[in-house]
Amino acid sequence: MFYWIMKRLLIAPLTNLLFRPWVKGMDNIPAEGGAILASNHLSVSDSIFLPVAVDRPVVFLAKMEYFTGKGIKGKLTALFFRLSNQLPMDRSGGAASANSLGAGEQALLDGQLLGIYPEGTRSPDGRLYRGKVGVAKLALATGVPVIPVAMIGTDKVQPIGKTVPNIRRVGLIVGEPLDFSRYEGMEEDRFVQRSVTDEIMYALMRLSGQEYVDSYASTVKAKITADRLADRKAAREALAENARAQVRATVDAARKEVEHIRTPKDGADAAAEDEALAAGDTTGSAEANDDDAPLDTEPSRESGEEGNAKQA
């Protein structure tokens, strides 16, 4: 009920009004019965445009992180994905991934349309990357047809890292169903799984016109992330080294200033200064002695007595 309300009354009218998606080959999708819609993955909005274009409900295998978020936002996101027929997909590999595929297999056996992105994650640069064999395992285990679907221009609407989409037209091209019944009983053969996956990716390449890269998108994205982290680390280290160089320059300048103040004058300057000080002290002492001598304004008694004796 929630799926139909959201699709018919809210998402579809809004999507058709703003993005005016064009569609080719929609008659290749069966009116009933299980089928796999294998699509290239350019944007998070792919999971909106494809279900809107298809009349039948589409169940998607969505990454587990959408269902395990914390806080109010994480819980609301998980609720939305569950109510909109999304199945959690654990991409860590091994038994966890096998169990996730089991839920998709059951949906196909129940006659539903299952949407899956064989690349496993969004393309980091708009190219088509090597597919993972999960789509082949589902097709071989259930015997349902695989219908390639090419999303056109959705990476321009909502590139990686952009929250608010750009308003522009998008397209979908639905290819002819791929039948792999010739591999019946060989679903566990790893070479068969790879062959089926590569055939699906080749069909997607022809429909979308994308350049094909024989590497996993997750590997390329991990390398891009590592390179970015390395660049940021190098930039931080360069800034730190620049700051340390400035500190060293400031300290060296201060040390030189202190050494300049403490450096003794050379011999000639010191001797000249000593002579000037000595001369100043001598003059000052003579003047002080003159000033301190008493004024002799009266004749002494001895001089008077000598005069009287001569007269007698």
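Biologist: Where is the place of Arg20?

Modeller: Arg20 sits in the loop between H1 and strand S1 (22-24). The model is predicted, so local features need pLDDT of at least 70 and side-chain atom pairs count only at pLDDT 80 or more, while totals for chains, interfaces and linings use all residues. Residues are numbered from 1 along each chain as its sequence is written, and side-chain values use heavy atoms, with hydrogens and water left out. Helices (H or I, at least four residues) and strands (E, at least two) are DSSP runs, numbered from the N terminus.

Biologist: Why is Arg20 called partly exposed?

Modeller: Buried means under 20% relative accessible area, exposed over 50%, and partly exposed in between (1.4 Å probe, protein chains only). Arg20 has a relative accessible area of 47%, and is therefore partly exposed. Its phi is near 45°, a positive value in a residue other than glycine.

Biologist: What makes H1 roughly perpendicular to H2?

Modeller: Axes are lines fitted to C-alpha atoms, for helices over the stretch in contact, and angles run from 0 to 180 degrees between N-to-C directions. Angles under 35 degrees count as roughly parallel, over 145 as roughly antiparallel, 65 to 115 as roughly perpendicular and the rest as oblique. The axes of helix H1 (residues 2-19) and helix H2 (residues 46-53) come within 10 Å and cross at roughly 105°. H1 is therefore roughly perpendicular to H2.

Biologist: Which residues of H1 and H2 meet?

Modeller: With contact defined as heavy atoms within 4.5 Å, Tyr3, Lys7, Ile11, Ala12, Thr15, Asn16 and Phe19 in H1 meet Ile48, Phe49, Pro51 and Val52 in H2. Ala, Val, Leu, Ile, Met, Phe, Trp, Tyr, Cys and Pro count as nonpolar, Asp, Glu, Lys and Arg as charged, and the others, Gly among them, as polar. The residues of this contact divide into 8 nonpolar, 2 polar and 1 charged.

Biologist: Why are the buried residues of H3 said to line one face of the helix?

Modeller: The buried residues are Gly74, Ala78 and Phe81. Seen down the axis of H3, they fall within an arc of 65°, the arc being that of the directions from the helix axis to the C-beta atoms; they therefore line one face. These residues pack against strand S3 (58-63) and strand S4 (86-89). The face turned away from the buried side carries the exposed residues Ile72, Lys73, Lys75 and Leu76.

Biologist: Why is H5 described as largely enclosed by the rest of the structure?

Modeller: In H5, 7 of the 9 residues are buried, so the helix is largely enclosed. The buried residues are Gly134, Val135, Ala136, Leu138, Ala139, Leu140 and Thr142. H5 is followed by Gly143, whose phi is positive, near 75°.

Biologist: What makes H5 roughly perpendicular to H7?

Modeller: H5 and H7 pack at an angle of about 105°, with their axes 8 Å apart. H5 is therefore roughly perpendicular to H7. By class, their contact has 6 nonpolar, 2 polar and 1 charged residues.
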